[in-house]
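Student: I would like to learn how to read a protein model, one feature at a time. Could we begin with a single residue and then widen the view?

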Amino acid sequence: MRLSRIIMALTVGLAVVAVPAAAGAAQPQPQPSPTVTDSPQPPPYPPVLASLTVNRPTIFLGETVILSGRNFGPNETVDIVVSVTPLAAPAAGTARRSDGSAVAMTPVAFQASAPLSFTARTNSEGVFTRRYTPSVTGLLTFTSTGRESGRTASSQLRVLHKKKPHLPVTGSSLDTPMKVGGGLVAAGAVLLLGTVAWRRRNRFGAGGAN
């Protein structure tokens, strides 16, 4: 009787100990969280490039061009600097007149003073226009820079000397042809007088012989 009670007590104790272990085994185990990978980033937008254009690539001195700038900052001041490069330089600093005499030439670079500068104001869309009349000849390079945006752009313009108008022929221009013509007329008159005198001499000579 006593032995059976001991066996029952041991059985109940083992059952009590086994229940929490079974309950712990039945609980779901935490799963490792999936590795978070970086999502692909969209490609960066290309930088906005400003532009500067001139409405005419080549002009004559004294004519006016229009500068147009785009993609600058809205409502900002744009600084424009003009640098001048000579189109051509004389080889030896002298030239020859039509009569062969020499005349000194002023180098083209002397015309180009220090680079000029001026400003323009953009509108709400970053656009501006500016009229400009060059005062020197050469290859002009315009460089524009926005003060707030820092965007820059450049363009070039070729400025040539004015065309010389075709002047009408004046009296001074006719001096040489008139001199040549007068000489020919005088020579013809001399020949005519000589011919008349020769004929008269031959006529009278023939009459005396008869």
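Student: Where does Thr-122 lie in the chain?

Tutor: Elements are named from DSSP runs numbered from the N terminus, with helices being H or I runs of at least four residues and strands being E runs of at least two. Thr-122 sits in the loop that joins strand S7 (116-121) to strand S8 (128-132). Please keep in mind that this is a predicted model, in which local features need pLDDT of at least 70 and side-chain atom pairs count only at pLDDT 80 or more, while totals for chains, interfaces and linings use all residues. Residues are numbered from 1 along each chain as its sequence is written, and side-chain values use heavy atoms, with hydrogens and water left out.

Student: Is Thr-122 buried or exposed?

Tutor: A residue is called buried under 20% relative accessible area, exposed over 50%, and partly exposed in between, using a 1.4 Å probe and protein chains only. Thr-122 has a relative accessible area of 4%, so the residue is buried.

Student: Which residues is Thr-122 in contact with, leaving aside its neighbours within four places in sequence?

Tutor: Contact means heavy atoms within 4.5 Å, and the partners of Thr-122 include Phe-72, Gly-73, Pro-74, Asn-75 and Val-127. Two of these partners also come up when we look at polar atoms: a polar atom of the Thr-122 side chain lies 2.7 Å from the backbone oxygen of Gly-73, and a polar atom of that side chain lies 3.0 Å from the backbone nitrogen of Asn-75.

Student: How many helices and strands are there in the protein chain?

Tutor: The protein chain has two helices and ten strands, and read from the N terminus their order is α-β-β-β-β-β-β-β-β-β-β-α. Buried residues account for 16% of its 210 residues. If we take contacts between residues at least 6 apart in sequence, 67% of them join residues at least 24 apart.

Student: How should I read a salt bridge?

Tutor: Side chains of opposite charge can pair when their charged atoms come close. The rule asks for a side-chain nitrogen of Lys or Arg within 4 Å of a carboxyl oxygen of Asp or Glu, and by this rule the count is two. In one of them, the side chains of Arg-147 and Asp-79 meet at 2.9 Å, N to O. This pair links distant parts of the chain, since Arg-147 is in the loop between strand S9 (138-146) and strand S10 (152-160), whereas Asp-79 is in strand S4 (residues 77-85), 68 residues away. Arg-147 counts as exposed because its relative accessibility is 53%, while Asp-79, at 27%, counts as partly exposed.

Student: And what is the other salt bridge?

Tutor: There the side chains of Arg-56 and Glu-63 meet at 3.1 Å, N to O. Arg-56 is partly exposed, with a relative accessible area of 33%, and Glu-63 is partly exposed as well, at 27%.

Student: Which residues have the most contacts inside the largest nonpolar core?

Tutor: In soluble globular proteins, nonpolar side chains tend to be buried together. A nonpolar core is a set of buried Ala, Val, Leu, Ile, Met, Phe, Trp, Tyr and Cys residues joined through side-chain atoms within 4.5 Å. The largest one here has 19 residues, and those with the most contacts inside it are Leu-67, Ile-80, Tyr-132, Phe-142 and Leu-157. At least two residues of this core come from each of strand S1 (51-54), strand S3 (65-70), S4, S7, S8, S9 and S10.

Student: How many aromatic pairs are there?

Tutor: Rings of Phe, Tyr and Trp (its six-membered ring) pair if their centres lie within 6.5 Å; planes under 30 degrees apart count as stacked, over 60 as edge-to-face, and the rest as tilted. The count by this rule is three. One of them is the stacked pair of Phe-118 and Tyr-132, with 5.1 Å centre to centre and 20° between the planes. Phe-118 is in strand S7 and Tyr-132 in strand S8, 14 residues apart. Phe-118 is buried, at 12% relative accessibility, and Tyr-132 is buried too, at 10%. Tyr-132 also forms an edge-to-face pair with Phe-142, at 5.3 Å centre to centre and 90° between the planes.

Key: Polar contact = N/O pair within 3.5 Å; in protein donor to acceptor, adjacent residues only side chain to side chain.
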